[in-house]
Amino acid sequence: MRSRHWSLLVVLALLNYIVLVSLFSVVSEEFSVSSGALPTRTPWATFTATLMPIPTPMSTPTATRVVVMLPTPYSHLATGRLMHVVQPGENLPSIAQRYGVSADAILLLNGMIDPNIMRWGQPLIIPSMYDTVPTWTPISTDTPVPIPTNTNRPRPPTATPTDTVPAETPTPREKQFTGEIVAWHPNCGATGVHRPSKIFDIDGQPLNGLRVRIWYENSYEAFSLVAGVGGDYGPGEYDIAMRSGEAGKFKIAVWDWQTSPGVFARVDSEVLDVEFDYDWQECQPDRSGHQSAVINWQRHW
């Protein structure tokens, strides 16, 4: 009984083994078929970074302020003449009167024919007193000469020639500026040239833009501020403050002209001798002390 029981168990075990082997073979064949049909893997797309240029912002235009400078009324030429720039409202007679010359002389020197053809800003050369300017010569025209008739009228008496005195020609000034000591005043504070000392133009109007120099044997010198511009000067005014106690003989002259800020050009001026007497006994009011002088200058060309 027991042997039959073991025989049955062996048979069941063999059957299970055969079934398992069959199942395993079937599964293996299906797996190999399915594995051969697997799709190919598609790779991921790659991206390349590209740097885009950043546009430069456009500069904002800025407004430029334009300053229109009026032309200088006149300037000096190397020949001693003046260069005048025509201003609005000026005409040839007024310009000629300003510089003390004739309108015909300006026309001839500038090669002009019609005095009415002038424009603002036009440069005109003003002749100096040393220029010899020819005069206009009228063109002669043939005029019919009347035929004298034979009359019995007596002839008028022949005029007797008389000696005529030629008109005196004004002598031109050798210096462009000449000076004059107008007054002396006592001053116990210091010696110097004080206001109302002035510089005058050709037409007698106050002239600005000049400096006056005073010196002593190249060992001491002093300059005024620019006339009519420096300090609290009025038109054409200047003064020179010297060191306290300065005395003796000095020389003084109009020295230079300010052509631009910090730039000066020498002028041709007369040199005056000035003697300061710094005496404490004569510096009080109503005394005869010579500590403060008033000196005026006149421009001639």
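The legends below describe several close-up views of a predicted model.

**Figure 1. Overview of the protein chain.** The predicted model shows a protein chain with 3 helices and 13 strands. Of its 301 residues, 26% count as buried, and the accessible surface of the chain comes to about 22,900 Å², of which 59% belongs to carbon and sulfur atoms. Among the contacts in the chain with a separation of 6 or more, 67% are accounted for by residues 24 or more positions apart.

Figure 2. Which residues form the nonpolar patch on the surface together with Val-11? They are Trp-6, Leu-8, Leu-9, Leu-12 and Leu-15, and with Val-11 they have about 600 Å² of accessible area together. Val-11 itself is found in helix α1, which covers residues 2–36. With a relative accessible area of 45%, Val-11 is partly exposed, because this value falls between the limits of 20% for buried and 50% for exposed residues.

**Figure 3. The two faces of helix α2.** Helix α2 covers residues 92–99, and its buried residues are Leu-92, Ile-95, Ala-96 and Tyr-99. When the helix is seen down its axis, these buried residues fall within an arc of 100 degrees, so they line one face of α2. The face turned away from this buried side carries the exposed residues Pro-93 and Gln-97. Just after α2 comes Gly-100, which takes a positive phi of about 70 degrees.

Figure 4. Arg-195 lies in the loop between β5 (192–193) and β6 (199–200), while Asp-232 lies in the loop between β8 and β9, so the pair ties together parts that are 37 residues apart in sequence. Are the two partners buried or exposed? Arg-195 counts as partly exposed at 32% relative accessibility, whereas Asp-232, at 60% relative accessibility, counts as exposed. The pair also belongs to a network of salt bridges in which Arg-195, Asp-232, Glu-237 and Asp-239 are linked.

**Figure 5. A salt bridge with two buried partners, Asp-201 and Arg-299.** The side chains of Asp-201 and Arg-299 meet in a salt bridge, with a distance of 2.8 Å from N to O. Asp-201 lies in the loop between β6 and β7 (210–216), and Arg-299 lies in strand β13 (residues 292–299), so this pair ties together parts that are 98 residues apart in sequence. Asp-201 counts as buried at 7% relative accessibility, and Arg-299 is likewise buried, with a relative accessible area of 1%. Both residues are called buried because the term applies to values under 20%.

**Figure 6. The salt bridge of Glu-221 and Arg-213.** Glu-221 forms a salt bridge with Arg-213, in which the closest N and O atoms are 2.8 Å apart. Glu-221, at 43% relative accessibility, counts as partly exposed, whereas Arg-213 is buried, with a relative accessible area of 10%.

**Figure 7. Pro-235 and its contacts.** Pro-235 is found in the loop between β8 (220–223) and β9 (240–241). At 56% relative accessibility, Pro-235 counts as exposed. Which residues does Pro-235 touch, if those up to four places away in sequence are not counted? Pro-235 touches Lys-198, Pro-206 and Asn-208. Pro-235 and Ile-199 are 36 residues apart in sequence, while their C-alpha atoms are 8.8 Å apart in space.

**Figure 8. Thr-259 in strand β10.** The place of Thr-259 is in strand β10, which covers residues 248–260. Thr-259 is exposed, with a relative accessible area of 52%. When its neighbours within four places in sequence are left aside, Thr-259 is in contact with Phe-264 and Ala-265. How far apart in space are Thr-259 and Gly-209, C-alpha to C-alpha? The two residues are 8.0 Å apart in space, although 50 residues apart in sequence.

Notes
Residues are numbered from 1 along each chain as its sequence is written. This is a predicted model: local features need pLDDT of at least 70, side-chain atom pairs count only at pLDDT 80 or more; totals for chains, interfaces and linings use all residues. Side-chain values use heavy atoms; hydrogens and water are left out. Helices (H or I, at least four residues) and strands (E, at least two) are DSSP runs, numbered from the N terminus. Buried means under 20% relative accessible area, exposed over 50%, partly exposed in between (1.4 Å probe, protein chains only). Contact means heavy atoms within 4.5 Å. Patches are made of residues with over 30% relative accessible area and no salt bridge: like charges are joined within 9 Å, nonpolar side chains (Val, Leu, Ile, Met, Phe, Trp, Tyr) within 5 Å. Accessible areas come from the Shrake-Rupley method with a 1.4 Å probe; for residues, only the protein chains shown count as cover. A salt bridge is a side-chain nitrogen of Lys or Arg within 4 Å of a carboxyl oxygen of Asp or Glu. The arc is that of the directions from the helix axis to the C-beta atoms.
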